[in-house]
Structures are given as C-alpha cells and as structure tokens.
Amino acid sequence: MSRYDLIQHVRGESYFVDDFISPEGTLYASIFFSPKAHGKIKSLNIDEAKISNGIKAIFTSADIPGENQIGGIIPDEELLVNDEVNYIGQPIAIVVAETPLLAKQARDKIKIDISELPVITDPRESFKKGNLIIPPQIFSLGDVDNAWKNCDLIVSGKAETSGQEHLYLETQSALAFPTEGGGIKIYSSTQGPTVVQRTVAKVLGISMNKVEVDTLRLGGGFGGKEDQANAWAAMAALASFKLKKPVKLVLSRQEDIKLTGKRHPYSSDYKIGLDKNGKIIAYEVAFYQNAGASADLSPAILDRTLFHSTNSYYIPNVKATGYCCKTNLPPNTAFRGFGGPQAMFVIETAIYKAAEKMGIDPLIIQEKNLLNEGDEFPYGQKIKNSNLRRCWNELDEKYHLARIKNSIEDYNKANKFLKKGIAVMPVCFGISFTNTFMNQASALVHIYSDGSIGITTAAIEMGQGINEKLRKVAANIFSIDINKIKIEASNTTRIANASPTAASSSADLNGKALEIACHSLRDRLTSSIRQDLKIENNIAVHIKDEIVYIIDKPTKLKWEDIIKSAFMKRVNLSSQSQYATPEISFNKKISKGYPFAYYSMGTSIIEITLDCLRGIYKIDSVKVVHDFGKTLDKIIDKGQAEGAIVQGLGWMTIEDIVYNDQGKLLTDSLSTYKIPDINFSPDNIDINFLENSVNPMGIFNSKAIGEPPLIYGIGVYFALMNAMKAFRPKKIFNISAPLTPEKILLSLYSNYTDHLTSING
Amino acid sequence: MFAYINIKFLKLFSIRLTILLDTSKSKTYFSAVINRDKVETKIDFICNQSLVSISINPATSTLDFIRKNLNLTGTKEGCHEGDCGACTVLVGELIGEEITYKTINSCLVPIASLQGKHLVTIEGLNNSTLTPIQNSFVKEGGSQCGFCTPGFIVSLTGSLLNKKENYSEMIESIDGNICRCTGYSSIKNSIKNIESNLHKTLNVDDNYLRTLVENNFLPEYFLEIPKRLKKIIDIKPSSTTISSEKAYLIAGGTDIFLQKENEILEAGLNFIEHDQQQKIWEDNNYIFVKAYTTVNEIQDSLIFKKYFPEINSYFNIFGSHQIRNKATLGGNIVNASPIGDMTVFFLSLNPTIRLKNGKSFREILLKNFFKSYKTLNKEKDEILDLLYFPIPSKNSYTNFEKVSRRKHLDIASVNTAVHLVKENKFINNISVSAGGVAPYPLLLIKTSDFLIGNEINCKTILEAVKIAQTEIAPISDVRGSKEYKSLLLRQLLFAHFLKLFPEQINEEELYEQI
C-alpha cells in the first residue's frame, strides 16, 4: 500500500499548521476587524485592551516597518486599515496575548468610532457609480451587431449566481517565528508559499531571502488559500518580527467565514440569437462581477469568465464584456473554476431560455452547437484534439438520453406532487494560468546514499493527491518501489519564485519539472553504471524494478548498489530543474492569442426528484463521461471529479451566502451556511473515463482535473427548472442561483404570496 | 503505546495536572501545580489508555483539553459549534457491568462531564496495523485532505461499538461529519467495503467488545477499561464553581455551550443529576420521559418504537448523530427555541411537564409553558424534571414534518407535528403543533379546534390551512422570509394529511386549488 499520506490521515497523524508542536513561549494573535462596511476611522481606543489579562502587544498600521500593502495584481489592499474601512471584517489591529482566549478577550475590549459612508453591495450599483477596479474588458469574435438580423429568434435576459464559501475544513492559519539576522520563518497554510514570502518581505521591509515559508499540507484550499493566506501569514509574521517571539494565528470558523472572500457573485445580461434550427448565430453578454472591496485576484478571474463565456459551444459572433465592480464586501477571490463556472451558467441560461421559447429541449441546442475540431473561441484560439463530441456520444450510448427522458415523462404523468427533472451539462475548460508567465515550475530531487529519494516542488498537497502523482512520476522514471520516495514540504528556500498550486495545473507543471530532474539523474546514473561495468555507449543500459539490465539481460546490480557506487564516485545525486509550458501566449491588448496548453472536457447528465409539495429535492444521479487523458491515478482523479461535482451541486442549490444591505454577512457560521453532507450528495455519481485519449501537454499524457468537473454541478439548476416546469407547465420561472428550497417553493406558489401581499396590504 | 503520555505543560493553561499512566510494567507520574485564582474541579477519567487526574476549570472544552493539554492533535477543530464533526470522540460510560460508547462533538462538551468515563480519541483507536475501517478509507480513497478523516473514523467505530453494522446505520452514524473534498462517494464506497468485510468476520452473539478487538477494530486495551473505570467511577467531582448562584445548570449542553462558552467558563457549571436506570417508562395509561433523556435514547426506546413506528424518520433529522447522543428532551424544551424539533413533536401529544423546586413539584401543560420569545412559565430555581402524556389510542395517527435548507443537521425553517384520533373518515380529536411561525413552539389551537369533528378531505384541509394562517406570526430571518414560512406551514399541513390519509385527499383537487 503506497498511500502513506492517507495512512497518516486515517490515524490522525497528519500534521496541519495548528498541530505542530509550538516552540517554547509561543504567543497567540487575534484580529480586531471593522464592524462597519464603509467609513472613516475617527478613533481607535485600545486603552482597556492594553491592560487586559495576558496581553503582550497590540499592533496597528503604524507599527508596520515596510509597506502596508498586500495587493497582488493591484496594490489596493492594506494589511491593516489606516483610515478608511471598506468592508465588515477588514483587519485593523493585531492583538497578541498568552493564549488564544486571552487574545480574543483583549480584542473584544477595543473600541472604535467610525464615521459611516454609503455602503454598496450590488455590483450593478457600483458600475453605475463608476466604481470599477479595472477598465471594462471585452472579448469579441465576428460581428455581433450585424448578426442579429440573421437570427430567427432572439432571447435576452438576466442571469445571476451567488457567492460560495470555500469552507476548507482547516481554517486560515500561520505560525511565525524569528530567525537570526532579522529574518522570519512561517509555517503557512497557503496554496502559494512564494506569494506569502513576497508579501511578508514587503510588509516587513526586508528582502525575500530573509523570509522562509514552509507548507506541509492544507486541510483543503479550493482557491481560498491562493491569495488569501497572505494576510494572516503577514500578520503573524509582523507580530513575531516585532516581539521576537513565535506567534500563532489560527482563525476561528466564524472569523474565517466573515473575514475572507468567497466565490464571486455575478449578475449578467445576455442576448442570444439563433436560426430556426437551433444553431446559435450571435451571443452578447455583459458580466457584472462583484469583486468586493479590493482587486485581490478579481481581474484574473474576470479574464477566465470571458475566456469561458461560450463554454463548449461554437458561436460565430460573440461580444463578451466584463466589469470588475468594487463593492463593500470582503474581497472575493479564487474558488475552483476561477470565474469560469459563472460564465458557463449564463450561456446555459441563455440556451435554456431560447429552448423554452422554441418549445424544444435545451439539449437539442446544446448538441447542435457543440465545438468541433478547429472551431475558434472568441479569444482566437482554435480547439485541437477535441473529444467533446466523443464524450457526448459515449454518454448518450451508455445511458440513452431519449430513454431517460421518456421514463421521466412517464413518472411525471403518474405523480402529481413529485416531479423528476433532467439536464445535460457539457464542459470545456482551458488549462493553463491565463497569465502566461505563471506557467512555470521547478523541482528539486535528492537521491540519498541509501537509495531513498526526497522530492520538493511548489505543488501543495491539499487533498488533490498531488504528492502521490509526483511519487508515481518519479517511481516510473527510476523504475523503483514507490515507497522509497517521499514528497517533502514545500519550502521557499528549496523552491524559489513558484506559482501557486492553482488553475488545476500543479500536476502538469510540477510533474513536467520533476520529469526533467529525474531524467537528468537517470542519465547520470546510467553513465555511472556504464563506467562501473565498462560498457560502451551504444549498448543499452536501463533500470527495471530496481535491477540494472544490460540490453535486456538482468545483472546482479541493484538500485542501492548503483546509488552507493555513484556516491563514492562523487556523482551529483541531486537535481534541480525548471519547466515552462511551451507555445502558449496571449496578447492582453487585443484579447487574442493562444492562452491554453489544452482543454479539459466532458459531458454529464443530472437527474433530480423535486417534491413540489414541500419545495425540497433529491439529486438522484450525476452521470459523466469525462476526458481525463491517460490518468495517473484512477482513484485520485475520480475523487477529484466527484468532489468537484458535489461542490458545484452545493453552489447551485443549498449554499446561500446572504449579506444584508449594510454589508453584514448573515450566513456566518456552519449553522446558517449549509454545504453538502453525506445525505445530500447523490448516491449515484457515475464517472466514466473516456478511453484512448492522450495529451502530450500533460505529464505522461494525463490531463488536469481539479476544477473542470465542478461545472457539471451547474446542471442541477436546469434539472430543477425542468421539474418545476413539469409541475407548472404554463409558468415562466426567472430565479437566480442558488435554487434553495425557499426560492423553489415561493416560485411554485407565487399566487400564494401575491395573495398574502394583497391581504396584508 | 507510550505515545499518549506526551503531555505538554503550558504556562498558559494554569491547571493542576496529574497524569497517571497505568501500563503493565511502568508507572509514570507527573504533577504540576500552577496558581490560578479560580476554583477548579478535580476530575478523574481515562483518556485512551491513560488515567487522567486533573484539577481544572470544569467548563474547559474537551476539544481544547485534548489538543492543548494532552497534545493529541488527531482530533481537529473545524467549527467549534457541533456542525462539522471533525472533533468527534467516543465517550464510554459504565452502567452496571456494561460499557456503552457514544460519539460526541468534543467541542460542545465540558471536561467535567467526563468524570469516571472513558474518552477515546483517534489516537486511542490506532493499532500497529490499520483497523478495517481505516483500511477501507485508504483503499477506497475515502480521505483527501485528511482534516475531517479522524472524525469519520471515530464515528464509524462508534457505530460498530453500538452494534450498528448495516450500511444505512453506518451512514446515519456520520450524518454529523462534514467533508468538503470527496463529495462522499468514496466514503460511501469505504463503508460498503467495511460492511462486506464485517459480515465475514463478526459474530454478534459473542462478547462483542472482544470480537471487535479480535478482528482488529479496537486495540486490546479496551478489554481492561470496564475494570479500570470501576476504580474511578464513584469519585464525585468536587464542588465546582466560584459562585453557585451564577453557575449554569447543564443537561446535555449542546446548545448552551455553543452560545455561552465564555460565560460558563467564568461562572462555572453544575450537571443535572442523572438516574441511568429509569428514563422512559409506561404506567397507568401514560408514557413518562425524564427530562435528561437524550434524543437518541427516545429514538431507540422500545416504548416509543411501539407507539410511534415512524419515530426514526422524524428523529433522524434532529441535529446530528453526535448531537442526538448528547442533547436532552429537557434541554430542548427549556431552550424554548421557536423551532425546537423535539418540542414541536411532543407538543402535538399535549403532554404535561413536571417542574421540580427543591423538594416540591409543580405540573403544567407543555403548551402553557411558553410565554414569549425565550420566556418560560418557570421560576428561577425550578428544574424541568419529567414529561408525560397519555398512551396513544388505537385509532391514533402521528406525523412530523420538517423542512430545512439541508435535510440533515440543519435547523428547520418550519416544522410541524400532528397527532389525531380518527373515527371512520372523521377526526375525533387532534392537536397540530408548529415551529418557526411564532416566537415559541406553538400549538395551533384554533386550527385543531376547527378540525375536530370534520371529515378528512380536501375541502376540510383547505379550510383548516386558512385558519392556521390567522394563528401564526412568522418573522423573516436567515431561515427564510415570513412569506416563505407562512406558505411552508400551509404546505406541511397538506403534507400531514396526504401522507397519513392518501385515500381521502384527492391530489388532483388539491393541485387545482393551490
């Protein structure tokens, strides 16, 4: 059994940041944050907090030795607010005490007076006021304005999706301690150790080589620790740097939900034009992205929204505009899919509405417009090696769409208050960081003198199985027992200038870098063997199952022997390598180029049963044919697909982020924000791997899998709409996502609420 | 297994700590005295294999104690409100000769409640090789990031310790465990794998604990625990608090600990005295339930199963398995939450409650217990002791309906119960209760009065729901708008009758009318 990480997990022996044995004298930090969504700080009174039991220090923006700035893409985010607060939960002061409880008690004694300013939570209102973080972004193909006249049917409308809390089970956490020479070391629960390092160096006003960031593993990330682990690491580092003591900062669940950003809510306007056969001729869409109070990763996320505005379809005339709208909410951030799912929801809504108007099944339009090999996306890239139609056809052959639809019709005829619904949801998701320079990674491999191997990359294990995949890559290249290979914690002193573990690409990038390092070590070992056995270069030497073969004959030489010999001969048994994705490029000025190394794709069928009496539902099944390329590990890839799908289902149904108009989060705990549990998740998630798919751009022909399957979850929205329609055939429903039981029941019985309003005046 | 004695002394936790490790050959003794100005309680319990004897603030959360004092970090904090299950532990209690293990959320349990008990964390389940449960999770990929995993392993081990070995019983045991990574498919596969292995190995008739040990589900030291617990079981916790005036009285504590942890740490606590022997009984045409009976005990009681065959389907959506193991009937009633599931269920049975004040008793009907939001018809020193109601007659029907955003481990938007006696097609007697539509759990008196004597049909029900609307005053909050709650109650009233008397309600007619 090779999964040593899982063996540790099931025994409770895996360490997360809060589990490390803290150094002697560790202090604990708690964050004082803004209670108001917008205003100027008139006064901050820490007199009482300063003398609170066990208190060690209170730090505000005035105590920052370097820059009070943590914005990555745009420098628009203070670590600690100096003057103007912009959302509830914005950090103002760091309180350090002997225990976490004493720190919180002292924090609660801080008093603040804020002169309030108007609060904006709605992106369209922000747009009207001109509060855009970056100028509008436009992608276009063909000529939309002239295409409408060629359409037989034009449908327009509004589509909205809500935010989503990451709810990684391990909250944001960091443990910092001072190192000699004015440096700092941080154990951080981050997807991007380099970004933390850069941020901390900037805040402390020291060079990057004085900041060491170490990340062993995360208790889930999902994008929530790509950029938003920076602040907490920087605060722990600041306190530690000033006090010359170890400082730990672990957010409580309620703090984590309140203080950190989420998936971006979007409000969008669409207009779609089709010919009478259902062929889409033109599509125009405007995305109002609710970015929150500062840029964070919003501009990059908006880019991906635009890249995926047409999902899996070829549309000859497209104009997609994105607005990055500043509001008084915590800065929204990366979340599995990175703006792609929001865009795909809109095109699917447009198709659904067009089908409704035409009186046909949406899947007719979906199938008719599915991308074909060589079709062009609005940003100029043409799809290569497309398996979309293969996935669609195999799904249909395996499950017989027509048959499912018939049996649903029969069921719906036989049942008055129970209705079944179905939707088909295809996905085509581009793989690469859309910011081209980020598509690089490096690896460091040591072969120790006993033959065991230690590997470091910047890929962070957060449940996606990257460690196991990397072990498999190395074990395969060296042809040795996988148990000889250990993946080390990621650390900025071993791997520098790394991109975060994000964009589904960590296996591709780090795997390829690792492959290069392993190959160069293998070449050195082969030369060493040749030297030992005095074999000419033209005679084939290789290692198989830890035994040296000459031509195809086994020798007595084993892995341990050749390592020992190489070491004695002073052969370099360490290798460092770098990989950069070839071919890709993107010209931001004209929004055209070749941004993606390849595409991840597939199709799914989602079936649900809606209880129209109670407004509650059961997701019966999700059936998928997905192109995984040549999978590195079937259990891991299947687990990624299943987990992503259920997150997508949650986002579309029960996960409801609610802010009031004063920017206060009402769903700020697990008792009010509900994510899928074991009873919610469908019993039948059927994941089929598309056969015979290869992908030279991925490591060993594999394909990225982290994000794309989340999009299948969007299908549940349309399956529910389908069932609602079966219950009220004459009704037109316009409901934003998520489709909570409340929204469904109120929509099914809208006459009842009209009646209530009339009697209550 | 000597790893468990890795006790960390932090100056921050000013406690008097004595740890005795009792193994066959070695005895290790630590003691630390650190000053603190507050009164503490001395508590004795066994954690995994080690005897823990300690003076500490009795309200210290068990989770904090496990992680910070015992340095057992396999138990994780995911939410500190009993909503994720990452901190699940087992608590074994000796009743007579039998030891019973229950899973609980260690974040919601004060350390003092462990007096004389066996606390088991994930570390206490580890053997030199993986247990079959652990093995299944590894094999099926039932763990991804690993943070929630120990909680799942502990919950499932608890399921087997309670002889619940079917797939559906094991699923029920983890309805309080949240995983954000897997989407649960691989966890379901792990459980199927456990189940298929179980049937090959376990024989329920044998000494069950021994069988589990022999099949590697539990480490061997479990067999010695009952004997060891006997030595400490009679030690009563020393008096607890700074001021007993202010001290909180705790039954299960699953809600008050969530809301007032800091206040209880300051003010101290006392536990309601339990009599383990008699909690639910029948006598003289009445069913009696002691206030400290847990949800789980009611659900599992043969008496309730006899008179309310569907009880599992109602109670399984109250809180989570871990909460049901701890939360009490009395706590749910006295908490007076407008959507208390148990209160709404029992209200429809029109029970009487008995309040105890020192040695005197007072009885009132439950429906008269609630005055306004979180205000009770109860004197300060009165303690809810008992609830009783007439045994349901032969022609009686009961139903409970609850809708929440998520079906399990969620708080109701609206819940309602009905208990009625039918004669031919007519309602002889009926009580309908509803939660989430008023400041406290409500008995719909006018609606019930109207229904008495009427024939069960579509027309009657449509009339009844109109009357119900005049009795309620829902407010908009995070559980739903007032319009939704009002509509939902109507729908759930329909649901009662459609479920109980499908032959008397014409669905088509109902559909046309609404």
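The largest nonpolar core has 362 residues. A nonpolar core is here a set of buried Ala, Val, Leu, Ile, Met, Phe, Trp, Tyr and Cys residues joined through C-beta atoms within 7 Å. A residue is buried if 20 or more other C-beta atoms lie within 10 Å of its own, exposed if 12 or fewer, and partly exposed in between, with C-beta atoms placed from the backbone. Met235(A), Ala236(A) and Leu720(A) touch the most other members of this core. Leu720(A) touches Gly421(A), Ile608(A), Leu610(A), Tyr617(A), Leu739(A) and Ile744(A), with residues up to four places away in sequence left out. Touching, or contact, requires C-beta atoms, placed from the backbone, within 7 Å. A second core is separate and has 9 residues, including Ala37(A), Tyr87(A), Ala293(A) and Tyr659(A). In soluble globular proteins, nonpolar side chains tend to be buried together.

The model is predicted: local features need pLDDT of at least 70, side-chain atom pairs count only at pLDDT 80 or more, and totals for chains, interfaces and linings use all residues. Residues are numbered from 1 along each chain as its sequence is written, while chains are lettered from A and ligands numbered from 1 in the order in which they are written.

Chain A has 761 residues, of which 58% count as buried. Its secondary structure comprises 20 helices and 29 strands. These elements are DSSP runs, numbered from the N terminus: helices are H or I with at least four residues, strands are E with at least two. The radius of gyration of chain A is 27 Å, which agrees with the value near 27 Å for a compact globule of 761 residues. That radius is taken over C-alpha atoms, and the globule rule is 2.2 Å times the number of residues to the power 0.38. Along the principal axes, the C-alpha atoms of chain A fill a box of roughly 90 × 75 × 50 Å. Among contacts in chain A between residues at least 6 apart in sequence, 81% join residues at least 24 apart.

Helix α16 of chain A spans residues 559-568. Four of its residues, Trp559(A), Ile562(A), Ile563(A) and Ala566(A), are buried. They cover an arc of only 100° around the axis, so they lie on the same side of α16(A). The arc is that of the directions from the helix axis to the C-beta atoms. The buried residues of α16(A) pack against α15 (506-533) of chain A. Their other partners in chain A are the strands β17 (440-447), β21 (541-544), β22 (547-550) and β23 (553-558). After α16(A) comes Arg570(A), with a positive phi near 65°.

Ile21(A) is exposed, with 11 other C-beta atoms within 10 Å. Its C-alpha atom is separated by 12 Å from that of Pro246(A), 225 residues apart along the chain.

Chain A is divided into domain 1 (4-118 + 166-259), domain 2 (266-433 + 590-748) and domain 3 (440-580). Domain bounds come from an automatic or database domain assignment. The centres of domain 1 and domain 3 of chain A, taken over C-alpha atoms, are separated by 37 Å. Their contact takes 18 residues from domain 1 of chain A and 17 residues from domain 3 of chain A. On the domain 1 side, α6 (193-204) and β11 (211-215) of chain A are the elements that give two or more residues. By class, that side has 5 nonpolar, 8 polar and 5 charged residues. Ala, Val, Leu, Ile, Met, Phe, Trp, Tyr, Cys and Pro count as nonpolar, Asp, Glu, Lys and Arg as charged, and the others, Gly among them, as polar.

Chain B has 514 residues, and 51% of them count as buried. It contains 18 helices and 20 strands. Among contacts in chain B between residues at least 6 apart in sequence, 65% join residues at least 24 apart. The domain assignment of chain B gives domain 1 (3-232) and domain 2 (280-513). Their centres, taken over C-alpha atoms, are separated by 35 Å. The contact takes 14 residues from domain 1 of chain B and 9 residues from domain 2 of chain B.

Between the chains, 64 residues of chain B are in contact with 63 residues of chain A. On the chain B side, α2 (132-140), α3 (149-161), α5 (185-201), α17 (482-500) and α18 (507-513) each supply at least two residues. Helix α17(B) gives the most, with 10 residues. By class, the side of chain B that touches chain A has 32 nonpolar, 20 polar and 12 charged residues.

Technical notes:
Two residues are in contact if their C-beta atoms, placed from the backbone, lie within 7 Å.
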